[in-house]
Amino acid sequence: MKKLLTLLTLGALCGCTPQNAPSSLSLSPVGYDSLAGWEQEDFTSLMPLLRDECHRLAQLPPETVLGGSEAITYGRHAADWSNACAALATASDARTYLETWFQPYEAGTDAFYTGYFEPQIPASLTQGGAYQTPVYGRPRDLVRAKATNGQMVSGRWVNGQFAPYYDRAAIDGGALAGQGLEIAWLKSPVDLFFLQIQGSGRLILPDGGQVRVSYDGRNGQAYVPLGRLLVQDGELPADGVSMDSIRNWLEAHPDRMMFVMERNPNYVFFRRDDGNLAQGPKGAFGMPLTAGRSVAVDRSMVPFAMPLWVETKLSYGAAQPVTWDHLVFAQDIGTDIKGAGRADLFTGWGATAQSVAGNLHAHGRMVLFLPRPPADSPTGSGAQ
């Protein structure tokens with residue numbers, strides 16, 4: 001199974017993602033002079049990111065489909081990037097390079113942005129004391145199969161019949177105990193729940209060491225947003241749903257927290273990831289995510305590797321939202337990231353990253369940078 005960071009974000013957590021996100025992409029060419037903040041972008045920091053993207057693309061067979069809507073006429077296959085990546089080898093200035101080799105196209109919809117981060121959670125590699133909540137690795141009997149409608153589903157084989165996999169309540173009740181699947185132990189089921197929401201995390205061990213765990217599959221059960229349930233139950237106001245408010249409610253109601261969390265039957269499994277902790281976790285495109293530069297997209301709309309110009313607002317703590325205009329790269333996907341103009345910004349790890357991600361729920365503008373086809377490239381017959 002492909003190793004990817006599965007994202008459930010604030011939108012999925014609260015059930016507040018817009019339900020009317022356009023299901024088709026409409027593109028209109030625009031000039032670089034139309035991009036708010038383009039002159040102020042940190043182009044120096046973009047060059048190594050562009051090189052990393054081209055390195056990843058070079059690892060793929062030319063016919064590899066990167067994704068994207070049919071409205072994208074060039075850039076949906078790895079081979080479409082060969083000319084632009086070849087030119088990058090001798091480029092010295094990211095701004096000149098981008099303006100030469102990419103054509104901006106505005107997504108014809110009001111964009112909507114949320115955020116996700118890599119949580120840091122106290123943990124132990126052995127059970128004992130306060131550490132009693134297991135982090136499970138992928139069970140050996142969890143398999144993927146094709147349903148009669150052609151869709152891939154997760155489950156297990158029982159007496160020759162394919163059955164749904166254990167839900168959250170069954171797993172919490174011990175359905176996987178005794179199989180040696182525990183890769184770490186946490187202090188709280190709430191910590192585990194939020195680790196599963198983010199899909200990856202840094203476990204902070206008692207000796208100060210860190211271990212990263214990354215997504216390695218889920219049980220295939222439907223995801224039910226806790227925020228929506230708490231609003232329906234009258235426990236939270238509709239305009240007061242956030243990661244913090246949901247966590248605070250769960251921790252304030254220890255007698256009810258397991259019942260409420262188990263109303264979401266979805267369950268995520270992990271693997272130990274010994275990658276470089278100076279970098280972010282790997283996204284679905286196979287590259288380490290970069291804070292403030294990597295986004296998750298709907299791959300049916302936007303191809304992997306695509307540079308995107310984002311114009312929106314970010315909130316830092318209790319401060320008023322501030323304008324945020326930057327180039328990002330489509331390097332991940334997420335369960336709740338669906339529709340045109342939809343993206344989820346990776347904010348990094350630590351307290352600030354958590355605060356920014358938890359408060360990011362903003363509209364804005366999205367512009368896609370498509371690599372120029374050969375006829376329109378500087379070396380093609382269509383060059384001006």
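Guide: Happy to! This is a predicted model, in which local features need pLDDT of at least 70, side-chain atom pairs count only at pLDDT 80 or more, and totals for chains, interfaces and linings use all residues. Residues are numbered from 1 along each chain as its sequence is written, and side-chain values use heavy atoms, with hydrogens and water left out.

Visitor: How many disulfides does the count come to?

Guide: A disulfide here is a pair of cysteine sulfur atoms within 2.5 Å. Cys 54 and Cys 85 are joined in this way, with S to S at 2.1 Å. By this rule the count comes to one.

Visitor: Which helices hold Cys 54 and Cys 85?

Guide: Helices are DSSP runs of H or I with at least four residues, numbered from the N terminus. The cysteine pair ties together parts that are 31 residues apart in sequence, because Cys 54 lies in helix α2 and Cys 85 in helix α3.

Visitor: Is Cys 54 buried or exposed?

Guide: Buried means under 20% relative accessible area, exposed over 50%, and partly exposed in between (1.4 Å probe, protein chains only). The relative accessible area of Cys 54 is 14%. That makes Cys 54 buried.

Visitor: What do the buried residues of α2 pack against?

Guide: Helix α2 covers residues 43–58, and its buried residues include Phe 43, Leu 46 and Cys 54. Contact means heavy atoms within 4.5 Å, and strands are DSSP runs of E with at least two residues. The partners of these buried residues are α3 (82–88), α4 (94–101) and β15 (322–332).

Technical notes: The expected span of a helix is 1.5 Å times one less than its number of residues.
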